[in-house]
Every structure is written in C-alpha cells, then in structure tokens.
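These are my notebook entries on one structure, written down in the order in which I looked things up.

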Amino acid sequence: ESRTLVRKTSFVKTPKIRETSHILEGGLKMPSSLSPSSTTLLSLVGLMMVSSTNMLMCNAFSTHPSNGLTKSSSAAITIPSFAAESLPRTKTTELFMNKKKAARTKPKGFAGALRDLQMSTFKYAGTVKPGKQSPQKIVLPEDVLKVPDYAEDGRPKTKSQMLPWIIECKTPGEIKKMRAAGKLARQVLDLAGKAVKPGVTTDEIDNIVHEATVAAGAYPSPLNYHGFPKSCCTSVNEVICHGIPDDRKLEEGDVINLDITVYLDGYHGDCSEMFVAGEPDEKAKKLIQTTYDCWVKALDFVKPGNDYKDIGAIIEDHVVEN
C-alpha cells in the first residue's frame, strides 16, 4: 500500500524522517559545519552484497515507507552488533598519499602540451567538469576488522572458482555477515546524504563516508580498487556513475548519486541513492520518480519461480512509457 501511495503522490513533502538505530556507544555525529539542510530524494535504493570470493546480489527495501521528498536530520552511525565486541579502538585516519604509488605529476614538454590541448578541447556532456582532488587516504589494517586484498596495491587477487551461471548457496553465518555489511552501508549512505546541500563539496562528503566507515571497523571498498582514489563515488548531474569526489561545490538543484560500499569482516555491502542539493526542477523530479518506480516494479517481480533476466525488460518498458 505504501508503494502504491508513493506512485500516486509522487514528490509530496512529508515530515517523516528515517531514523537510525544506535548500537555503537556515542556513535559518529556529522560535523556541525555540515548541518543537514538538504532535500533527500529517496530513489534507486538498491543493496548489493558481495562476498570476498564470490558475488551474490540481492535487493533490500528502503526503510522509509513514504519515499517522497523529505527533509534530513542528523543521525549517528552504528556498527552491527555482531562486530561490536571485536572492534578495535579506532583513531582519526590521517591523510596519506598511497605509499605504493608515486604522486602524479603534470606532464611536461610535448606530453604536457598534448594533455592541455585534450583538456581544453574535450567535449563534456554538460557543465560538470573535474575539480581538484585532495590527497588519497589509506586505511591502517589495525583500524578495521579486515582489509580487502587490493587495499595495498590496487589489484584484486581473489577470483571466483565457479562458473558465472552457478549460484553459490551461502551458509547462515555468511548470510549474517552479509546482512551486517549491507546494514552498515545503508547507515553510512544515510549519514552522507544528510550532508548534501548547496555549497558542500563532494570531497567533504567523501571525508564523512571515510571516517564513518573506518570508525565502524570497516574498509571503504572503492578506496584503491584498481587505483580508485576515493572512499565513495559521487556522480553529479550528467555524470553517469563512479564520479570521483573533488573540490567542486554542489549548486542549487544539482542531482547527485551517492554510491557507498563498505567491506566489513570479509563481505562488501553496496548501496546507492539519489539526492538533490536544494530544490530540484521539474525534469529532475520526473527523472528520479520514474527511476524510483522502475525500482519498485522490479522489486515486485522478485519472487520464487520468476526469471532474473525479465527484470531488465520490466524496467525498460516503464522507462519507455514515461
């Protein structure tokens, strides 16, 4: 009933705020300089849980029953209860350049001239252009429960021994850890979303994600994965996905996707969501509402006996109709 209501009353402002449980004593509060004032668009809330050796994807429902335009409020980040006892005391993670890679330098001579020419003539899809990136962070192994095998050199080493069409059945213990990783990812995403507002840089959001993840005993999965320099992905406006956080400030009406993945005790929890800095225009509202409705239709189809391959057709049909 709540999903049907969303489709009929799309983008109706509601005072109801999603709340986060408090398991970790004290929690991790958002910096006061980034007080919540953004409008959150609850769209595309998918949860992908991935083991360190094999991939298993499943969707989880948003915890917010109304999923319309809502106003954010501050919340504490929590850690899954199963890991609370073994969580080491963490300290504030310092900024480091990745010790395994030399710092990038601007090319000189002909190579530099060629690069400048490419940058000046590159045809961007819109107005968003790359900004300046802050130094890449590293996570000390003693600060988290476990680090992925690519954390040091950027190269994943563990590969599945199963054929792609064979689905591994997880044990109850593995599923418990998957749920914990997915829950933490959702909580970090909520915290990051509350920082979205005009004037905030995506690098500031990345700092929030990094500190919250490490404080919970987890490793931010994107960091150094095949050399990716940040702890989350921030894709603004026409940037399709995997945008790199930088010093560009969000502007009024910017639409941003926050893609959060955490590695907790050997499992990755992955989820993303669309947010708007300030108030969206009508085109942005329609785009995000249509996308959200696609997600709901896909979830409604997820039942025993239905073919996974049909989900794409359901989404495409709704997109074409709208």
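Is L184 buried or exposed? I found L184 buried, at 0% relative accessibility, where buried means under 20% relative accessible area, exposed means over 50%, and partly exposed lies in between, with a 1.4 Å probe and protein chains only. I placed L184 in helix α4, and I noted that its C-alpha atom is separated by 8.8 Å from that of A218, 34 residues apart along the chain. Helices here are DSSP runs of H or I with at least four residues, strands are runs of E with at least two, and both are numbered from the N terminus.

Basis of the entries. The model is predicted, so I kept in mind that local features need pLDDT of at least 70 and side-chain atom pairs count only at pLDDT 80 or more, while totals for chains, interfaces and linings use all residues. Residues are numbered from 1 along each chain as its sequence is written, and side-chain values use heavy atoms, with hydrogens and water left out.

Confidence. I read an average pLDDT of 75 for the protein, with 67% of the residues at 70 or above; pLDDT is the predictor's confidence in each residue, from 0 to 100. Over residues 1-101 pLDDT stays under 50, and for this stretch the model has 256 contacts beyond four places in sequence, a contact being heavy atoms within 4.5 Å.

Salt bridges. I took a salt bridge as a side-chain nitrogen of Lys or Arg within 4 Å of a carboxyl oxygen of Asp or Glu, and by this rule the count is 12. K177 pairs with D265, their closest N and O atoms being 3.4 Å apart. I recorded K177 as partly exposed at 29% and D265 as buried at 18% relative accessibility. R248 and E251 form another salt bridge, with 4.0 Å between the closest N and O atoms; R248 is buried at 16%, whereas E251 is partly exposed at 48%. Salt bridges that share partners join D153, R155 and K157 into one network. Within it, D153 and R155 meet at 3.4 Å, N to O, D153 being partly exposed at 29% and R155 exposed at 53%.

How many bridges join β6 to β7? I counted 10, and the two strands run antiparallel; strands pair if DSSP finds at least two bridges between them. They form a hairpin with two residues between them, and D265 in the turn has a positive phi of about 55°. I260 stands opposite C271 in β7. Because 10 of the 10 residues of β7 are buried, this strand is largely enclosed by the rest of the structure. Y267, G269, C271, E273 and F275 point one way from β7, and H268, D270, S272, M274 and V276 point the other way.

Surface patch. I looked up a nonpolar patch made of M162, L163, W165 and I166, with about 430 Å² of accessible area together. Patch residues have over 30% relative accessible area and no salt bridge, like charges being joined within 9 Å and nonpolar side chains (Val, Leu, Ile, Met, Phe, Trp, Tyr) within 5 Å; areas come from the Shrake-Rupley method with a 1.4 Å probe, and for residues only the protein chains shown count as cover. I166 is in the loop between α3 (109-121) and α4 and is partly exposed at 42%.
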